[in-house]
Structure formats: C-alpha cells, structure tokens
Amino acid sequence: MEAGQKRKAPSATLRSEYEIASKLKPFYTGGRVSVSRSKKLAACACGEEVYIVCHATGRVVTTIPGDSALVTSVCISEDATVVFIASRSLQCSQWDLETQTCTRRFKGHKAPVLHMSLDSQGLYLCTAGSDNQVKVWDVQEGYLTHSFKGHEGVVLFSVFHPHPKKCQLYTCGDDTAVRV
C-alpha cells in the first residue's frame with residue numbers, strides 16, 4: 001500500500017435467511033439425575049417425560065414419554081442400555097434405550113417412589129418410597145425379591161454396596177435413620 005492511500009473496508013454480504021443449527025430447550029425440572037458409569041449419558045426428569053442427555057455435548061439423545069403423571073425418580077443402568085422411571089401415578093417402567101421401547105411396567109408401592117438404584121451388576125433394582133418401604137426387584141425376571149419396612153418416615157435414598165460379592169443395601173430417610 002502506498003503512502004496516502006486509504007484502506008477499503010471489506011464488503012460484507014448480509015443474509016436475509018438463517019438456518020437453525022441447534023436449539024436449547026429445558027431437559028430437567030428437578031430431582032435426581034442418574035448418570036451411567038461410563039458418564040456418557042444421563043437420565044433427567046422433565047415434567048412427565050425423561051430425557052437422556054449426552055454428557056459431552058449436552059444434547060438430548062432420546063426422549064422417553066411419560067404416563068401423564070410427573071416423574072418422581074429415574075435410574076439409568078451403568079452401561080446406559082436400560083432406564084427405570086417412576087411417576088406419581090405409582091407406576092414404574094423399564095425402558096430399553098436401544099429400541100426405545102417399554103419392556104415392563106409394574107406397581108409396587110402405595111405412594112410415589114422417590115429414589116431408585118441398581119446394584120453394580122444391574123441385576124437388582126431398589127425402589128424407595130414415600131410409603132416408608134424399600135423394595136428390591138429382580139430386573140431380569142421382573143418379580144419382587146425383598147420388601148423392607150422399618151423407616152418411620154419417607155425413604156429418601158438407597159444404594160447397593162459397590163462390591164458385587166457384598167449383598168448389602170443402604171437406605172436413609174427423613175427419620176434421620178440409616179439402615180443396612
């Protein structure tokens with residue numbers, strides 16, 4: 001550029017139409033978020049639906065429809081192939097994430113289920129309810145194996161011992177008691 005010459009501004013082309021690259025929408029309304037062991041997927045309750053969200057991108061991978069009642073608890077398997085959903089209708093359902101189909105529905109509590117957990121091998125599902133009960137279900141066969149009473153209040157949390165050889169279940173409730 002020679003001295004005294006002015007620099008020209010680059011010409012910009014204005015677009016009048018745009019394409020949507022991505023949208024953000026709510027995928028979580030409260031409660032526990034269940035994360036798979038690989039930490040690649042998370043199950044989040046959003047009103048009557050459950051969204052399966054990719055941890056890396058934050059995008060909704062799958063939407064699981066509800067049963068017209070608010071979701072109270074979700075639990076995704078460690079390998080992210082199965083998700084369990086409990087709702088205020090007192091129904092629990094088991095969904096296959098690969099085929100996106102409901103494989104089983106069951107009702108086991110007299111009040112909403114507030115927490116669910118799977119053992120480390122994915123063989124047993126624990127449901128902790130606001131009816132002061134804790135129930136353990138055989139995931140493959142679909143039947144109730146154990147029903148525990150003893151909490152004086154709502155059961156808020158349940159977790160299996162992480163070692164597969166130790167058959168222990170820990171629960172706690174709003175009665176401030178921890179039971180094994």
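Select Ile76 first: its bridge partner in strand S6 is Val83. Strands here are DSSP runs of E with at least two residues, numbered from the N terminus. The model is a predicted one, in which local features need pLDDT of at least 70 and side-chain atom pairs count only at pLDDT 80 or more, while totals for chains, interfaces and linings use all residues. Residues are numbered from 1 along each chain as its sequence is written, and side-chain values use heavy atoms, with hydrogens and water left out.

**Stop 1**

S5 is mostly covered, since six of its six residues are buried. The term buried denotes under 20% relative accessible area, exposed denotes over 50%, and partly exposed lies in between (1.4 Å probe, protein chains only).

Next, select the loop between strand S5 (71-76) and strand S6 (82-87), where Ala80 lies. Ala80 counts as buried because its relative accessibility is 14%.

Ser77 lies in this loop between S5 and S6 as well. With a relative accessible area of 8%, Ser77 is buried. Display the side chains of Ser77 and Asp79, which make a polar contact of 2.7 Å. A polar contact is a pair of N or O atoms within 3.5 Å; within protein, one must be able to donate a hydrogen and the other to accept it, and residues adjacent in sequence count only if both atoms are side-chain atoms.

**Stop 1: the salt bridge**

How many salt bridges does a search of the whole structure find? The search finds one, the criterion being a side-chain nitrogen of Lys or Arg within 4 Å of a carboxyl oxygen of Asp or Glu. Arg37 and Glu78 form it, and their closest N and O atoms are 3.2 Å apart. The pair links distant parts of the chain, 41 residues apart: Arg37 is in the loop between strand S1 (34-35) and strand S2 (41-46), and Glu78 is in the loop between S5 and S6. Arg37 is exposed, given a relative accessible area of 56%, whereas Glu78 counts as partly exposed at 31% relative accessibility.

**Stop 2: an aromatic pair**

Now select Phe106 and Trp137. Rings of Phe, Tyr and Trp (its six-membered ring) pair if their centres lie within 6.5 Å; planes under 30 degrees apart count as stacked, over 60 as edge-to-face and the rest as tilted. The count by this rule is one aromatic pair. It consists of Phe106 and Trp137, which are tilted, with 4.7 Å from centre to centre and 45° between the planes. Phe106 belongs to strand S8 (residues 101-106) and Trp137 to strand S11 (residues 133-138), so the pair links distant parts of the chain, 31 residues apart. Are these two residues buried or exposed? Both Phe106 and Trp137 are buried.

**Stop 3: Thr127 and His109**

Move to Thr127 in strand S10 (residues 124-129). Thr127 counts as buried, at 0% relative accessibility. The side chains of Thr127 and His109 are joined by a polar contact of 2.7 Å.

**Stop 4**

Select S13, S14 and S15. These three strands form an open sheet in the order S13-S14-S15, with antiparallel pairing. S13 and strand S15 (178-179) stand at the edges with a single partner strand each, so one side of each is left without a neighbour in the sheet. S13 pairs with strand S14 (residues 169-173) over five bridges in the antiparallel sense. Val159 stands opposite Tyr170 in S14.

In the loop between S14 and S15, select Thr176. Thr176 has a positive phi of about 65° although it is not a glycine. Thr176 is exposed, with a relative accessible area of 73%.

**Stop 5: a nonpolar surface patch**

Finally, select Leu114, Leu156, Phe157 and Val159. These residues form a nonpolar patch on the surface, with about 300 Å² of accessible area together. Patches are made of residues with over 30% relative accessible area and no salt bridge; like charges are joined within 9 Å, and nonpolar side chains (Val, Leu, Ile, Met, Phe, Trp, Tyr) within 5 Å. Accessible areas come from the Shrake-Rupley method with a 1.4 Å probe, and for residues only the protein chains shown count as cover. Which strand gives the most to the nonpolar patch? Strand S13 (residues 155-160) does, with three residues. Leu114 has its place in strand S9 (residues 113-118) and counts as partly exposed, at 32% relative accessibility.

Technical notes
Helix = DSSP H or I, 4+ residues; strand = E, 2+ residues; numbered from the N terminus. Pairing = 2+ DSSP bridges.
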